[in-house]
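Keep the structure open as you read.

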Amino acid sequence: MPRSNRNDNFIDKSFTVMADLIVKLLPINARSKEAYVYYRDGLSAQNDGDYAEALENYEEALKLEENSTDRSETLKNMAIIYMSNGEEDRAIETYRKALEANPNQPSCLKNMGLIYEKRGRIAEEGGEQDTADRWFDKAADVWTQAVRLNPGGYLDIENWLKSTGRSNVDVYF
């Protein structure tokens, strides 16, 4: 039974009913509608912390979805799960796929930077400054791209770029 038929929460159930009505009324093909149902069920499972079920639904959605923006959104959500599960390399790979499908995803770049920055801090704490600097530079590269795509949206990142001297632009707005 699809997750959308199991929602016990009134708000989730109401949203699902409204979303289903909208999908039925939209002039899109059946394949895209089915992809959306899998995506929606994946998102619901992800929000409930059922990551295995979410990933299964996202995989099914990707098999059906042809729209690159929608594929990118699905991949981004999968990468968030991988990141939450500590599968950082897999998360980075999936963020890259999401960016290939839609390069205008600053949150993918932001999250990749979080992984790189974390790795830099770990290397720094281990006394490996050269390795730390390489990770910090990678973080700066993707964070600079994210800030350019979303000026003013990541003030903490802008401050980090400026305070570490890794900012290669003076004005983001």
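Is the crossing of α3 and α4 left-handed or right-handed? The crossing of these two helices is left-handed. Bear in mind that this is a predicted model.

Two packed helices are described by the angle between their axes and the distance between the axes.

| Helix pair | Axes come within | Axes cross at roughly |
|---|---|---|
| α2 (residues 30-47) and α4 (residues 68-84) | 11 Å | 25° |
| α3 (residues 51-64) and α4 | 10 Å | 155° |
| α4 and α5 (residues 88-101) | 8 Å | 165° |

Let's start with α2. Angles under 35 degrees count as roughly parallel, and the axes of α2 and α4 cross at roughly 25°, so α2 is roughly parallel to α4. Their crossing is left-handed. On the α2 side, the contact uses Tyr39, Leu43 and Gln46, which meet Glu73, Thr74, Asn77, Ile80 and Ile81 of α4. Sorted by type, the residues of this contact are four nonpolar, three polar and one charged.

Next up is α3. Angles over 145 degrees count as roughly antiparallel; with a crossing angle of roughly 155°, α3 and α4 are therefore roughly antiparallel to each other. From α3, the contact takes in Tyr51, Ala54, Leu55, Tyr58, Glu59, Ala61 and Leu62, and from α4 it takes in Arg71, Thr74, Leu75, Asn77, Met78, Ile81, Tyr82 and Ser84. That contact divides into ten nonpolar, three polar and two charged residues.

Then there's α5. Its axis and that of α4 cross at roughly 165°, which makes α4 roughly antiparallel to α5. The crossing of α4 and α5 is left-handed. Here α4 brings Ser68, Ser72, Leu75, Lys76, Met78, Ala79, Ile80, Tyr82 and Met83, while α5 brings Arg90, Ala91, Thr94, Tyr95, Lys97, Ala98 and Ala101. By type, the residues of the contact of α4 with α5 come out as ten nonpolar, three polar and three charged.

Now move along to α6, which covers residues 106-125. Just after α6, Gly127 takes a positive phi of about 80°.

How many aromatic pairs does a search of the whole structure find? The search turns up four. One of them is Tyr116 with Trp135: the ring centres are 5.7 Å apart and the planes sit at 25°, so the pair is stacked. Tyr116 is in α6 and Trp135 is in helix α7 (residues 129-149), so this pair links distant parts of the chain, 19 residues apart.

Definitions and conventions: Residues are numbered from 1 along each chain as its sequence is written. This is a predicted model: local features need pLDDT of at least 70, side-chain atom pairs count only at pLDDT 80 or more; totals for chains, interfaces and linings use all residues. Side-chain values use heavy atoms; hydrogens and water are left out. Helices (H or I, at least four residues) and strands (E, at least two) are DSSP runs, numbered from the N terminus. The expected span of a helix is 1.5 Å times one less than its number of residues. Axes are lines fitted to C-alpha atoms, for helices over the stretch in contact, and angles run from 0 to 180 degrees between N-to-C directions. Angles under 35 degrees count as roughly parallel, over 145 as roughly antiparallel, 65 to 115 as roughly perpendicular and the rest as oblique. A crossing is left-handed if the near helix is turned anticlockwise from the far one by less than a right angle, and right-handed if clockwise. Contact means heavy atoms within 4.5 Å. Ala, Val, Leu, Ile, Met, Phe, Trp, Tyr, Cys and Pro count as nonpolar, Asp, Glu, Lys and Arg as charged, and the others, Gly among them, as polar. Rings of Phe, Tyr and Trp (its six-membered ring) pair if their centres lie within 6.5 Å; planes under 30 degrees apart count as stacked, over 60 as edge-to-face and the rest as tilted.
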